[in-house]
Amino acid sequence: MQSNPLLIRNVQCAVENGHPPRRIDVLIDRGTIVSVSEADSAVSALLPQIERRIDASDLIVMPGLVNAHVHSNEAFERGLYPSLPLERWLARSYPPLGGPDVPARWHYLRAMLVACDAIRSGTVALQDDFLNPGCDHAALDHVVEAWSDSGLRVSVATTLSDRAYLDGLPHARASCELSLARELDSRSSLPVAEQSAFFVEAHRRWNGSSSGRIAIMLGPRGPQRCSDSLLHDVARLSRDHGCAVHMHVLETRLQRAASLTQPGGGFIHRLAQSGLLSPSLTINHAVWVDQSDIQAIADSGAFVTHNPLSNQRLGSGTSPVRRLLAAGVRVALGSDGPATGDTACMSAVLRAASLLHRDPDSPASEWLGPHDAWQMATQAGAGSMGLEDGWGSLAPGAPADLVLLNARHRALVPHHDTVAQWALAGGADLVDSVIVRGSILMRCGRITAFNEDQLLDEAREAGERWQRQIWPLLEQSGARLDTLIEPLLDRVRREELPGTG
Ligand SMILES: [Zn+2]
């Protein structure tokens, strides 16, 4: 947190309906907005002489965006496998037959690539579901170091699962060739006690570090990969440590089929039974939920993240966001990992979410638009991260996590509606400056929190090595599972799945 006060002078407020913008002076101290006054007013004339100031007459001030779901570990995989469904893509990016280890420094570089996307698109906070099933301490340390250097507010998950790969896929064990099944089963998860101890240690070391910017959360894999006993353990750890739980649930049709066939009832029911369905839980995707799932999520106060780029790219389907919102569920926005969302640019996610939910069979009054998407990307995202009250407002006491947009950008000529023109016309191009808890991470389109050119040079070199040495092994390992997965996908495509329409 920057302890010197910062004054943003004569900055424009966002406009709607073409009204002329108000101009204000915003005074920030110790990471919080302490005063907001009309520019050039009597109050403004009384503002103290502040050394750190931005003369912002050509800028528009807005609350920063929250990316509620990303996987930094995928950042070398943008644009790969552009037309595979989730299960076949997963078999390559997260090989169930095991993948080669990578240097710990690569975890740092990949998180920093995501940080560049994030800052450049006006993001101030994000949740990194960092997949680390081997509980590698050095990997986690490097990711936390990256997020600390980025200047962003970040919650990082630790991974937990205990069900064998084949038991997570409906009908897979019965159809898998015996020697492949043996090979897959030999790659079992670490003992649950070890995974829990890893979380406890990570929480002790990193939660609240970097002056409170870093949080540690629990990241159990989807319910298809977790036993009821593990789900109970996660609920207990969450209660004991007062920390959030971040989990993929019902992302694909195949997962819906697993939810109907696995013992213990449907996934949402199992989450409720284990004590996990609560305001501490964020459910990622929720594409294949039925109306009773939606009601149970709404009643519990749990959050959902909507990841439109990734869902479309993987052909997973469209999350019923309108029905979730209508039931009262708080829906946040996420990019998902760069391997399936291809970017962590939240301006791109805003645009996708603004355009996707326009059913031709529904009246236009029920469509979702840029203002709905923006609300998801600010207040709902902040709620999912458990950030302070007042998030998303420009008022004394609100956190000073702000973006300044370039009011002179061509996409704002003429300037009718800042949110709509940011989401639909200008995108990340509009973002001039990013401020997190009073610290300036980007100014005049240049990242000031770290040396971006140097970072990109090192990441390029590492990424090219990854491409030469690691990628062919992942592809080879993943392709071996295609003959197992493709018939399963085909089978559930032909099955009637009740209730999700
Ligand atoms: Zn994800």
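Trainee: Which residues is Leu405 in contact with, leaving aside its neighbours within four places in sequence?
Mentor: Leu405 is in contact with Leu59, Ile60, Met62, Thr418, Trp422, Leu430, Val431 and Asp432. Two residues are in contact if their C-beta atoms, placed from the backbone, lie within 7 Å. Please note that this is a predicted model, in which local features need pLDDT of at least 70 and side-chain atom pairs count only at pLDDT 80 or more, while totals for chains, interfaces and linings use all residues. Residues are numbered from 1 along each chain as its sequence is written.

Trainee: How many residues has the largest nonpolar core, and which have the most contacts inside it?
Mentor: That core has 133 residues, and those with the most contacts inside it are Met112, Val143 and Leu405. A nonpolar core is a set of buried Ala, Val, Leu, Ile, Met, Phe, Trp, Tyr and Cys residues joined through C-beta atoms within 7 Å. A residue is buried if 20 or more other C-beta atoms lie within 10 Å of its own, exposed if 12 or fewer, and partly exposed in between, with C-beta atoms placed from the backbone.

Trainee: Which helix gives the most to this core?
Mentor: Helix α3 (residues 104-120) does, with eleven residues. Helices (H or I, at least four residues) and strands (E, at least two) are DSSP runs, numbered from the N terminus. Apart from this core lies another, of 16 residues, among them Leu86, Leu90, Leu169 and Ala172.

Trainee: Let us move to α17. Which of its residues are buried?
Mentor: Thr418, Val419, Gln421, Trp422, Ala423 and Gly426 are buried in α17. The buried residues of this helix pack against β5 (59-63), α15 (346-356), α16 (370-384) and β14. After α17 comes Gly427, with a positive phi near 65°.

Trainee: What does Ala411 touch, not counting residues up to four places away in sequence?
Mentor: Ala411 touches Gln421, Ala425, Gly426, Asp429 and Leu430. With 15 C-beta neighbours inside 10 Å, Ala411 counts as partly exposed.

Trainee: New topic: at what angle do α2 and α18 pack?
Mentor: Helix α2 (residues 86-93) and helix α18 (residues 452-479) pack at about 135°, with their axes 7 Å apart. Axes are lines fitted to C-alpha atoms, for helices over the stretch in contact, and angles run from 0 to 180 degrees between N-to-C directions. The helices α2 and α18 are therefore oblique to each other. Angles under 35 degrees count as roughly parallel, over 145 as roughly antiparallel, 65 to 115 as roughly perpendicular and the rest as oblique.

Trainee: Which residues make the contact?
Mentor: Ala91, Arg92 and Ser93 of α2 meet Leu474, Glu475 and Gly478 of α18. They divide into two nonpolar, two polar and two charged. Here Ala, Val, Leu, Ile, Met, Phe, Trp, Tyr, Cys and Pro count as nonpolar, Asp, Glu, Lys and Arg as charged, and the others, Gly among them, as polar.

Trainee: Is Leu474 buried or exposed?
Mentor: Leu474 is buried, with 20 other C-beta atoms within 10 Å. Not counting residues up to four places away in sequence, Leu474 touches Arg92, Ser93, Pro95 and Gly99.

Trainee: How do α7 and α9 pack?
Mentor: Helix α7 (residues 192-206) and helix α9 (residues 228-241) pack at an angle of about 20°, with their axes 12 Å apart. The helices α7 and α9 are therefore roughly parallel to each other. Their contact is made by Val192, Ser196, Phe199 and His203 of α7 and Leu230, Asp233, Leu237 and His241 of α9. By class, the residues of this contact are four nonpolar, three polar and one charged.

Trainee: Finally, where is Arg437, and what is its phi?
Mentor: Arg437 is in the loop between β15 (431-436) and β16 (439-443). Its phi is near 45°, a positive value in a residue other than glycine. With 22 C-beta neighbours inside 10 Å, Arg437 counts as buried.
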